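Hi,

Here is the structure I promised to pass on. My notes follow below it.

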Amino acid sequence: MRPESMKIFDDLRNLNVLTIQNAKKNGEKVVGCYCTYSPQELILAAGAHSVTLCGTRQEPVAAAERDLPRNLCPLIKSSYGFAITGKCPYFEAADLLVAETTCDGKKKMYELMGKIKPMHVMNLPQSANSEGALEQWTQEMHRFKAWLEQKFAVRITEEDIRKAIKLMNRERNALRRLHAVTKFKPSPITGVDLLVSVWTKGFNVNKEEGIKLVEDLAAEVEAMAARGESPFTADAPRILLTGCPVGFGSEKVVRLLEESGASVVAFENCSGYKSLDRLVDEDPNKDVMVALAEKYLNIPCSCMTPNQGRLELIGKLAKEYEVDGVVDLTWQACHTYNVEAFVIRDYVQKQLNLPYMHLETDYSESDVEQLRVRVQAFLELIQG
């Protein structure tokens, strides 16, 4: 059984392309984003659309490898491959690009991508709690705001930013509600459908329409749960997925887990709950740029050192979603997540007393059967 509203999300990918193309015809401005550290509020306050850019499929990787090393993270290669092949309609529609210095591979790739379209790179501090980090990141917010004003010939007011903050907080709350439906036992929605709906929402141009779509899906799934409807058996192992971001086209581990009988109920990664855990402070007496800097600086990505926030979020989600095991996914050549897996394993096994499995793979299907064997063995361990 599948929520009827998922049909809308299945069609939304094509509809979003038409919407963004119509927006361009009407002279509206578009800013493409690659990371959850991108402050969408400033883009919206500039009167532009903020859209997620493609980077979760294997197809453009070969084209990217003409310029980039083969032993580089598939997310980086996919993102660059989409850019140079013209096969991401959102990249084609974007007037400007914004990125952040999250890892060395991305930083160097952005130098090449910046030759294709105007790009602003925000210098992200490498520690959220170090002395001067908040001040530095606040200055980066001001620098990005000034760049948008110059490029779009607009003036971004404090009122514009506060309105955008309220809108984005509403979107985050809607997505929180959607994620929360999997707290029901058994979950009334598959992890794959949850992933696809959240991922597709990232390409949505009209924020108000997108919020309504998410709220409608959440309401339908809540009603399914109340009726006891679920695609899973009551004893299906409940899995928390942490690690690198996943999206449509790179969801093979989620599919393998659920094909093997598990229910993926929590996504700690930045394509899941990580960017939703904290809202922007709406206190009217607080400096809006500081409020934005605080929210975005505290996203617990593995590029931060130390990264205690990730442990705390995993612990929180593991408890709230009553998970039976944790799967830590690392894309090949993602060194920060690969090294941090050691810390996550210790925390999950020793502090949370939960089974843990670390998987390292790429976007291709070449290792699917090997992964399937490991996944099935892990689930047998959970089930005793």
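Which helices and strands do the buried residues of H6 pack against? They pack against helix H4 (74–85), helix H5 (89–93), strand S3 (96–100) and strand S4 (119–122), where contact means heavy atoms within 4.5 Å. Helices (H or I, at least four residues) and strands (E, at least two) are DSSP runs, numbered from the N terminus.

Before going on: this is a predicted model, in which local features need pLDDT of at least 70 and side-chain atom pairs count only at pLDDT 80 or more, while totals for chains, interfaces and linings use all residues. Residues are numbered from 1 along each chain as its sequence is written, and side-chain values use heavy atoms, with hydrogens and water left out.

The buried residues of H6 (104–113) are Gly105, Lys106, Met109, Tyr110 and Met113. Seen down the helix axis, they fall within an arc of 130 degrees (from the directions from the axis to the C-beta atoms), so they line one face of H6. On the other side, Asp104 and Lys108 are exposed. Buried means under 20% relative accessible area, exposed over 50%, and partly exposed in between (1.4 Å probe, protein chains only).

S3 and S4 also belong to an open sheet of 4 strands, ordered S2-S1-S3-S4 with parallel pairing; strands pair if DSSP finds at least two bridges between them. S2 (49–52) and S4 are at the edges with a single partner strand each, so one side of each has no neighbour in the sheet.

As for disulfides (cysteine sulfur atoms within 2.5 Å), the whole structure has 0. The sulfur of cysteine 303 is 3.5 Å from its closest cysteine sulfur, in cysteine 301, too far for a bond.

Best wishes
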